[in-house]
Structures are given as structure tokens and as C-alpha cells.
Amino acid sequence: MITDPIADYLTRIRNAVNANHRIVEIPGSNIKREITRILFDKGYILNYKFVEDDKQGIIKIALKYHPKNKVSAIQKMDRVSRPGLRHYVKADDMPRVLNGLGIAIVSTSQGLMTDKEARNLNIGGEVLCYIS
């Protein structure tokens, strides 16, 4: 049993990037699907596919690397809010990752979004992770 599925998701991607894998498979859930969609929209992953099976489904993620020097688009992934210590912020205190070069994924009352989108909509929420 996994107590923190989002940390497991981030760790699987981090391990695949460190091993220079092209594709990583992750057990699916709705929140993981939304995080994957955000990573794709912001250009951190090349592509993704949701495979439905009899249980929870699988998310297949194609990782993105620079063609010349084989450097991954994802340099760092940090879990901020965890089950033992939640991290909530107001819209005014929304964090900036690498002075705007990275993103923070925030769970709000209107769904998952990046820190920039939450700041523009003037809503706060729970900061799930930092991606840079």
C-alpha cells in the first residue's frame, strides 16, 4: 500500500529521468492524470497516454530530452505538501519556482493548476510540488 501516491508518481518520473528511460509507466488516478496533463501543457514531457484496465489504469509517459546533449526537460521535482504536513498558501503568498522559470502545481477549489494560473485567478490552495 502506498501512503503518498503523488510522491510515488514524482519518484517514478525522477528515477526514469536519472536512468535515461524514454517511457515510464505509473499506476493511474485522477490527480495523477491532472498532474500529467499540466506537465504536458507546460512542455516538461513529450507525450502521455492513459491505458484503461480492470483496476485503476496506467499512465504511460514519454519523457522529453534535448536532442543534442540528452538533457531532460525535467531537472528537479520536489514534493512540498505531504500527508504528514500539508502546505496551504493564499493567492498573495503563491510561491515562484526559480523566479518564474519553474512551476508549482497547486490544488485549488477549481482543480489542479500552476502557480501562475492560481495567481492570475487570485485563488490559493495546497502546493503539491515544484517542477523545474
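Author: Let's start with Met 94, which is buried, at a relative accessible area of 7%. Buried means under 20% relative accessible area, exposed over 50% and partly exposed in between, with a 1.4 Å probe and protein chains only. This is a predicted model, where local features need pLDDT of at least 70, side-chain atom pairs count only at pLDDT 80 or more, and totals for chains, interfaces and linings use all residues. Residues are numbered from 1 along each chain as its sequence is written, and side-chain values use heavy atoms, leaving out hydrogens and water.

Reader: Thanks! Where does Met 94 lie?

Author: Met 94 is in the loop between strand 5 (88–89) and strand 6. Helices (H or I, at least four residues) and strands (E, at least two) are DSSP runs, numbered from the N terminus.

Reader: And which residues does Met 94 touch?

Author: Leaving aside residues up to four places away in sequence, Met 94 touches Val 89, Val 106, Asp 115, Ala 118, Arg 119, Ile 123 and Gly 124. Contact means heavy atoms within 4.5 Å.

Reader: Switching to strand 6: how many of its residues are buried?

Author: In strand 6 (residues 103–108), 5 of the 6 residues are buried.

Reader: What does strand 6 pair with?

Author: Strand 6 pairs in the antiparallel sense with strand 8 (residues 125–131) over 5 bridges, and with strand 7 (residues 111–114), also antiparallel, over 4 bridges. Two strands pair if DSSP finds at least two bridges between them. Ile 105 has Cys 129 of strand 8 as its bridge partner, while Thr 108 stands opposite Gly 111 in strand 7.
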